[in-house]
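Me: Please walk me through this model in questions and answers. Keep it brisk.

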Amino acid sequence: MKIVEKSEDMKKLYFLGLFFLCFIIPINIHAIKIDKVSIQGNKEMKPKEDITLDFNIDFKDIESGLDKTLGIWYINFELLYDRDLLEIKDVSSKDFDISVLEEKATNKIYIFGEVIDNKDDSKYCADGMLYCSSNYTVSVKFHLKDTKKDITSIRMSSIETGLLDMVEAKEYTEKDAMVIITPDIAVHDITIKQEKPKNSNTNKNTNTNTTTESRYLKSLEIEESGIEFKKDVTDYVIYVEKDVNKLNIKAEAEDSKATVEIIGADDLKKSNHQVKVVVTAKDKTKKTYYIKVKEKKVETEPVEKPLKKKKKELDKIDSDSLLKWASIGAGILVAIAIIFFIISKIKDYSIDKKLKKLDDD
């Protein structure tokens with residue numbers, strides 16, 4: 001009967017130890033996560049016009065206040081758009097110093113933002129040196145060149161967030177950053193409104209629903225490209241090895257009565273590395289999908305971020321930070337004490353069991 005009681009006590013102590021290890025200590029470890037990404041702005045524009053889009057990143061589990069030490073230092077994301085069609089005119093953000101970076105090896109474009117020090121705003125922390133708001137927004141102004149295309153798309157992806165926990169008095173560099181990388185993608189499609197001919201004698205008695213639907217592609221597959229096809233998106237960019245001069249493309253029209261013609265896929269050098277997929281409806285109206293083919297670069301160098309070092313002076317350490325680390329240390333010491341207590345009880349239990357066995361013998 002005595003042994004059963006000791007066994008139940010051991011179980012209680014075991015679960016108590018697990019509770020401290022799993023809940024008390026981790027309660028001091030704070031994690032900031034990306035909740036949602038989005039692009040907001042006009043969905044229609046005309047050739048030769050400008051458009052401004054807001055690129056938003058929403059965070060969760062972030063605490064604001066100048067006395068907090070953990071916050072956002074920088075944010076970097078890839079911007080994908082048709083550079084033959086659009087050009088960036090301006091980038092801006094109220095709380096971040098924004099730069100447009102180009103990776104030379106891959107020609108990728110990145111929007112990089114480093115927090116601007118601000119001690120007078122509740123959205124900041126670490127004595128005004130880090131950003132601690134749940135929303136990040138950067139505005140990008142694009143100019144649409146003259147074109148006959150009717151749709152284009154802009155995407156943000158490969159979001160990299162650099163966090164700092166400025167609990168120590170020292171100079172912080174990029175090596176001190178805790179980096180969160182998310183593959184989340186936000187897509188913004190823009191319809192290009194072409195100027196209508198001024199000829200008023202045109203007969204407008206046409207069934208627009210039938211003709212519009214009948215000239216779309218149902219599917220588009222390019223071998224080893226992994227493109228994400230959408231019937232409303234007409235512009236695609238793919239990367240191939242240097243020695244590739246031909247693409248294997250499968251394209252199916254939405255309307256079985258429409259015809260599909262693939263131009264330039266058999267000889268990329270001759271077609272200047274641009275392929276067209278032309279869908280011709282029964283009424284002879286056409287829709288063209290464009291595929292820009294670029295050389296894949298195997299050796300790439302990371303984009304150099306124009307980061308300035310962050311320095312925290314000794315007198316900036318506050319009582320809140322000391323309490324935080326003191327509580328972590330106390331939690332660890334309590335957990336160690338419980339573990340040693342459990343080990344001693346296990347030993348006592350083992351000895352008692354052996355003694356009882358000797359008594360029984």
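Reply: Two strands pair if DSSP finds at least two bridges between them. Helices (H or I, at least four residues) and strands (E, at least two) are DSSP runs, numbered from the N terminus. This is a predicted model: local features need pLDDT of at least 70, side-chain atom pairs count only at pLDDT 80 or more, and totals for chains, interfaces and linings use all residues. Residues are numbered from 1 along each chain as its sequence is written, and side-chain values use heavy atoms, with hydrogens and water left out.

Me: Which residue in the turn between S6 and S7 has a positive phi?
Reply: Strand S6 covers residues 96-103 and runs antiparallel to S7, with eight bridges joining them. The two form a hairpin with four residues between them. The turn residue with a phi of about 65° is Asn 107.

Me: How many residues of strand S7 are buried?
Reply: Buried means under 20% relative accessible area, exposed over 50%, partly exposed in between (1.4 Å probe, protein chains only). S7 spans residues 108-115 and is mostly covered. S4 (residues 70-80) also pairs with S7, antiparallel, through six bridges. Of the eight residues in S7, the buried ones number seven.

Me: Which residue in S7 stands opposite Phe 77?
Reply: S4 and S7 are joined by bridges. Opposite Phe 77 stands Ile 111.

Me: Is Lys 287 buried or exposed?
Reply: Lys 287 meets Asp 150 in a salt bridge at 3.0 Å, N to O. The pair links distant parts of the chain, 137 residues apart, with Lys 287 in strand S20. Asp 150 is partly exposed, at 28% relative accessible area. Lys 287 has 5% relative accessibility, so the term is buried.

Me: Where is Phe 340?
Reply: At 57% relative accessibility, Phe 340 counts as exposed. The place of Phe 340 is in residues 319-360, helix H3.

Notes:
A salt bridge is a side-chain nitrogen of Lys or Arg within 4 Å of a carboxyl oxygen of Asp or Glu.
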